[in-house]
Amino acid sequence: MDRARPLHVRASAEEVPDEALVAELRELLAQADGVEELAGRLALLSDPRRLQILFCLHAHPGVRSSDLASVLGAHESTTSHALAVLREAGWVRARRVGREVRYELAERSVHELLHDLGSPHLPGVHHPGEHAGEPPHGHD
């Protein structure tokens, strides 16, 4: 993929008169729903601990909060609070397994975003339908 020219660009800004470009961008923003909500959700990624938790859950779904706390060198209460914030925002879900609660990513879009940010899976962890040794769909 050529990163010099983004895939979504139809024409360079120099090729479109400024007035037309401004009008098109205003129209685009007028149609965009939930920008404030999205900005709030993405702001959660600005906290290194929450981002590390997401990377861990991406690398290996089903991790316990106590294991996450150990990995991060944090108190369990601090980790539990970060998980609660991520759950409330819809990034993470809790799953009860017997007496334990395990955490995983809540949405496929979060999973894809973490791939885009460079988060790999641990060895042996694969996407559904993937075979060992094959790169994840859409990721080389």
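Q: What makes the charged end of Arg 41 count as sitting over the ring of Trp 91?
A: In this predicted model, the charged end of Arg 41 lies 5.1 Å from the centre of the Trp 91 ring. A charge counts as over a ring if CZ of Arg is within 6 Å of the ring centre and within 35 degrees of the ring normal, and the charged end of Arg 41 is accordingly said to sit over the ring of Trp 91.

Q: How many aromatic pairs does the structure hold?
A: The structure holds zero aromatic pairs, where a pair would need ring centres within 6.5 Å.

Q: Why is Ser 65 called buried?
A: The relative accessible area of Ser 65 is 15%, and buried means under 20%, so Ser 65 counts as buried. Ser 65 belongs to helix H4, which covers residues 65–72, and, leaving out residues up to four places away in sequence, Ser 65 touches Thr 79, Ser 80, Leu 83, Val 101 and Tyr 103. For the protein as a whole, 27% of the 140 residues count as buried.

Q: Why is Arg 102 called partly exposed?
A: Arg 102 has a relative accessibility of 23%, and partly exposed covers what lies between the 20% limit for buried and the 50% limit for exposed, so Arg 102 counts as partly exposed. Arg 102 lies in strand E3, residues 100–105, and, apart from neighbours within four places in sequence, its contacts include Gly 62, Val 63 and Arg 64 as well as Arg 93 and Val 97. The C-alpha atoms of Arg 102 and Asp 67 are separated by 9.8 Å, although these residues are 35 residues apart along the chain.

Q: Why are H3 and H5 called roughly perpendicular to each other?
A: Helix H3 (residues 48–59) and helix H5 (residues 76–88) pack at an angle of about 80 degrees, with axes 10 Å apart. Angles of 65 to 115 degrees count as roughly perpendicular, and H3 and H5 are therefore described in that way. Among the residues making the contact are Ile 53, Leu 54 and Leu 57 of H3, together with Ala 82, Leu 83 and Leu 86 of H5.

Q: What does the secondary structure of the protein come to, and in what order do the elements run?
A: The protein has six helices and three strands, and from the N terminus on its elements run α-α-α-β-α-α-β-β-α.

Conventions. Residues numbered from 1 in each chain as written. Predicted model: local features only at pLDDT ≥ 70, side-chain atom pairs only at ≥ 80, totals over all residues. Heavy atoms only, no water. Helix = DSSP H or I, 4+ residues; strand = E, 2+ residues; numbered from the N terminus. Buried < 20%, exposed > 50% of the residue type's maximum accessible area, 1.4 Å probe, protein only. Contact = heavy atoms within 4.5 Å. Phe/Tyr/Trp six-rings, centres within 6.5 Å; stacked < 30°, edge-to-face > 60°. Axes fitted to C-alpha atoms, helices over the stretch in contact; angles between N-to-C directions. Parallel < 35°, antiparallel > 145°, perpendicular 65-115°, else oblique.
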